[in-house]
Amino acid sequence: MRYVMFVIDDTSGSASGDEREAIDAFNDELRAGGHWILAVGIAGPGQATLVDNRADHGVASASSLFDGPDFYSGFWLVEAPSDAAALELARRGSKACNRRVDRKSTRLNSSHGYISYAVFC
């Protein structure tokens, strides 16, 4: 199954040197365990553009969906054999990046149901 794990932060690019080393080690662990699909850091809300083209409105504003202090600063996309295994990966990812992590199962599309992947920081 596939899961996405979003890293929750209040400052973009805020990881310390020790945190970066722990994240790199966790990424290596994900690769070695066959869980790794992708990991990405994300720019902060100040660099976001919120687009709404429903009904061809063509609205684009220099803003983010997130207007509070917390936002997603990155994510991991992982493969895990079960929800319990994905939860354990999320716990280890949270510890590695020293941030909260929002773990969610993913769907390939609505006709295929849920697929397991993993975590983002």
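Mentor: Helices (H or I, at least four residues) and strands (E, at least two) are DSSP runs, numbered from the N terminus. This is a predicted model: local features need pLDDT of at least 70, side-chain atom pairs count only at pLDDT 80 or more, and totals for chains, interfaces and linings use all residues. Residues are numbered from 1 along each chain as its sequence is written, and side-chain values use heavy atoms, leaving out hydrogens and water.

Trainee: Where does Leu38 sit?

Mentor: Leu38 lies in strand 2 (residues 36-41).

Trainee: Is Leu38 buried, partly exposed or exposed?

Mentor: Buried means under 20% relative accessible area, exposed over 50%, partly exposed in between (1.4 Å probe, protein chains only). Leu38 has 37% relative accessibility, so it counts as partly exposed.

Trainee: Which residues of helix 2 are buried?

Mentor: An α-helix has 3.6 residues a turn, so residues three or four places apart point the same way. In helix 2, Ala86, Leu89, Ala90, Gly93, Ala96 and Cys97 are buried. Seen down the axis, the buried residues of helix 2 fall within an arc of 125° (taken from the directions from the helix axis to the C-beta atoms), so they line one face. On the other side, Ala84, Arg91 and Lys95 are exposed. Asn98 follows helix 2, with a positive phi near 60°.

Trainee: How many residues has the largest nonpolar core?

Mentor: A nonpolar core is a set of buried Ala, Val, Leu, Ile, Met, Phe, Trp, Tyr and Cys residues joined through side-chain atoms within 4.5 Å. The largest here has 15 residues; Leu89 and Cys97 are among those with the most contacts inside it. Helix 2 gives the largest share of this core, five residues.
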